[in-house]
Amino acid sequence: MPPKRQIIRDHTAESNLVARRTFVSIILVSIMMLVIIFNLYQLQVRQYEDYQTRSNGNRIKVLPVAPNRGLIFDRNGEILAENKPVFSLEITPDETGDLDSTIEKLSALMSLSENEISEFRRDMKRQRRFKPLSIRQQLSHDDVALFAAKQHQFPGVSIEARLSRYYPFKDALTHMLGYVARINKRDLGKLESSEQLANYAATHDIGKQGVEKFHEQILHGQVGYQQVEVNNQGRIIRILSFEPPIPGQDIVLNIDINLQKKAQEVMAGRRGSVVITDPNDGGVLALYSSPSYDPNLFVHGISQKEYSKLLASKNSPLLNRATQGRYPPASTIKPHLALLGLEDGVIDETTEIIDRGTYRLKNVNHVWRDWKKWGHGKVDVTKSIEVSCDIFYYDLAYKLGIDRISDGMKAFGFGEKTGIDLLEESGANMPSRGWKRARFNEPWYIGDTIPVGIGQSYWNATPLQIAQSVNFLINKGQKHTPRIIQGYLVEGAIDKIPIEMQEPIPVVDERNWDLVLDALYGTVNRDHGTAHTAFRGTDYISAGKTGTAQLFSVAQDAEYDEENVSARLKDNAMYVGYAPFSNPEISLAVVIENAGGGSSNAAPAARIVLDYYFSEIKPRDIAQEIKMQESAIASLAAETEGG
Amino acid sequence: MVEAKFTTVKTTILERLHIDAFLLFALTCLMGIGLVTIYSSGGQDWGLVNRQLTRLGIALIVMFILAQIPPMAYRRLAVYFYSFGLIMLVAVLLVGVVGKGAQRWLDLGVVRFQPSEVMKLAVPLMVAWYISKFNLPPRARNIAIGFIFVFIPTILIAKQPDLGTSLLVASSGVFALFLSGMKWKLIGFITALGGAFAPVMWFFLMQGYQKQRVLTFLNPESDPLGAGYHIIQSKIAIGSGGVSGKGWLQGTQSQLEFLPERHTDFIFAVFSEEFGLIGVVGLLFIYMCIIIRGLMIANYAQDAFSKILAGSITLTFFVYVFVNMGMVSGLLPVVGVPLPLISYGGTSMVTLLAGFGILMSISTQRRLLSR
């Protein structure tokens, strides 16, 4: 009860009252202090581990370090793809003091373009000001020298070096070797689905085409990590630990750069391709598609203008004709069909026809003609290959029927991808009844079968498929998968990748194969052979087959152009061949678009390449072999000494 | 009283200078800890330490001067002081200088002056003066008038807006009323009223940023890079300090600048990170010593006015400590209350030590008083 107003104050009572309240206060203060301590105990003892982790998560950043990409060598150790330092001019806006005047002064020194400056300013908005940003991507050596001399005048501006891919042989290897370019969104998606994203965390470029793409995993290597301490702005304070990246594997290709360059030389100014392989193991010695382009353009980001130029070109330089060009194989497949006929017993070595220049079927109102207007007269199987008689093969195709041809040629790899180590490959087309039904919803007519006998009709094949099919012939049914890569370069020695073999073609009678191979010999070496003129007087013995395909131009969706149409309807010239005849070590397929006849256009080109091989490459190979043996002996000796 | 007679006999130099040796020692310890922590959290900047030292010097001089003034004088001056403060507060609202998004300062030409700081002392002085005019415990009518003395400046300061200071001003007045012997029933009733008033505050009085602070306090992880950033980084700093701390100058949260406001309001997080639970308990011990000493002074003071004033000043000091530590460690929403005598900054330092000057006056000048 509140007391009534008192005149005399009871100081003791008041004192006691305040004392009690003070005491209560001490209790309350103590309780609240305990609450604080209890809370701190929770934070610092009970949840210590959690906060410790989060504190480290704040300050410790793990930065990925890109591995160096594996180098690519040819079979002679010539470097085909290397990593070269590129220099870029970088500005750290925070450190320049006055950014505008810095850019102005730089612009005067290095003659920066409006474009470079506006791009820099645009990029700057997306980035923190203490991080360096490049204003010019690729500095020339002159630029570097120019800037280095004046660097002290430009605080916050520096030259940064980074390794970037360089292809010293430029357009000689483009389609086969491919190129790398900046990782784009689609690449990121693929990397994510293959759980490789972390491995590419620091990587700038990725293989986009060719060997660079196919062997990406081997070439790329394993990302490394750098543990750094950063402050709240992400600025690196110090490096805590470093786990170095594992560089990508250096690889050695089967390619011989000199042969490749020779192939490029003979194809200069022509459209088409040259495929050269080693029939003994399927190794690809050269693979050239013409026209080509410089892959280095793509590495640093090709300009829109140049890219459009490549895309729009009627010559389709971006297409790898050797593996994606679909050509009617024409007469180059006559040996295969002859063998099929022989093995199936439809014909034998004595089978003869009389060729008067035309072929007719009963009840079919169509005349098929031989390329030789008046015919070849009496023709057996050997002569049919040597002179490339068409009538013999119209008849053979008629006798075999599409089903047997289709199956038999599929065994020779037609209509299916070869499995070469390139992703840019077409299986082309080996027609069959089922295919025609699916494609056109039409039955297969007998009239469709006849031109199949001379590799026309719906049949098309890539130059690589044709080259491969010749190897299958040479090896009597043994099938090596074509390979560009030979092995890994490990401490100076080649660690070879095992040769891949496919299910062989069953041999009924080996003499049939010899008969066909002999006919290929005759094509080159007998007087009436279609390649006899082209190969007259070689100091090696080769065999081969010419082909002349009626068109069908390969250029995909080429526009109808009145001026060019006649040139584009000219025949494709083709040649397949191998040498030496008795012990083949090189085989090739040459396709030249719209060049005319195979014997007068493709065969001479093939001869240039083969001549070069036997005069320049083979002797050197032998010398190198001796040298390698010597060095192997020497290293062995050194080893035993050391051991 | 025996005690009073005994103290009159004492003639140490400090006693003659009206300095409470125990308090001075404890305060000096805190200031030392403060300087050491500021050096670490301010990026080892001697300039910062020197400026803080200057402020401490000025504040200590103010404390020394105020200790010389007898409590009777404070009692006589209370009304004028309070009135002066109130006029200044109104002036701030009308012609104040805007800084940091709030209108808190009066520009007097030479110095900038923050009248709300004056109220931290003027309110307890006024309430203590008013309540002690009557017999204790006070009657409800007096309590009500006392509350009016508290609420006018509280609301004026809250409008600036300065939530931290208005909280401290309000508590200083409420503590005075509590110590004067206000009935428990009444306390219960007012608490309930306050609880009912909270939603009104939320919807009608609180600014958007203040509401945000409360929301962030309730769930800091909802916006870890925005509003919740301060409190999360602060808790990480404290928690990762563990039992023994990361060591002086070794606190990564503070040294690498993850912790915001690290030498001012959040300095406790720096201290906890570098000195751990052991250091924190030591620090709390010093604070506790000061508070208990202050309450003892209140208890042994000779008249009701001195008792209430001393108790109120001491408990307000505790509110500083509690609110600051509470907000830094995530127990309370973030309001701008510094850690007394540790945080870098001058304004509150002077007021705090002025309060301790009054406390020392009450402690050492009892003999001059008659009943």
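This is a predicted model: local features need pLDDT of at least 70, side-chain atom pairs count only at pLDDT 80 or more; totals for chains, interfaces and linings use all residues.
Trainee: At what angle do H14 and H15 of chain B pack?

Mentor: H14 of chain B covers residues 304–328, and H15 of chain B covers residues 347–364. Their axes lie 10 Å apart. The crossing is left-handed. The packing angle is about 145 degrees.

Trainee: How many nonpolar residues are in the contact of H14(B) with H15(B)?

Mentor: H14(B) contributes residues including B:Leu309, B:Ile313 and B:Phe317. From H15(B) come B:Gly355, B:Ile358, B:Leu359 and B:Ile362. Three residues of the contact are polar and no charged residues take part. The nonpolar count is seven.

Trainee: Which strands stand at the edges of the open sheet in chain A?

Mentor: The sheet has three strands in the order S1-S9-S10, with antiparallel pairing. An edge strand here has a single partner strand, so one side is left without a neighbour in the sheet. That describes S1 (60–65) and S10 (236–243) of chain A.

Trainee: Which residue in S9(A) is the bridge partner of A:Lys61?

Mentor: S1(A) and S9(A) run antiparallel, and six bridges join them. S9 of chain A spans residues 224–230. Within S9(A), the partner of A:Lys61 is A:Val228.

Trainee: Which element gives the largest share of the side of chain B that touches chain A?

Mentor: The contact takes 44 residues from chain B and 36 from chain A. On the chain B side, elements giving two or more residues include H8, H11 and H13. The largest share is twelve residues, and it comes from H13(B).

Trainee: How many charged residues does that side of chain B have?

Mentor: By class, 25 residues on the side of chain B that touches chain A are nonpolar. Another 14 are polar. The charged residues number five.

Key
Residues are numbered from 1 along each chain as its sequence is written. Chains are lettered from A and ligands numbered from 1 in the order in which they are written. Axes are lines fitted to C-alpha atoms, for helices over the stretch in contact, and angles run from 0 to 180 degrees between N-to-C directions. Helices (H or I, at least four residues) and strands (E, at least two) are DSSP runs, numbered from the N terminus. A crossing is left-handed if the near helix is turned anticlockwise from the far one by less than a right angle, and right-handed if clockwise. Two residues are in contact if their C-beta atoms, placed from the backbone, lie within 7 Å. Ala, Val, Leu, Ile, Met, Phe, Trp, Tyr, Cys and Pro count as nonpolar, Asp, Glu, Lys and Arg as charged, and the others, Gly among them, as polar. Two strands pair if DSSP finds at least two bridges between them.
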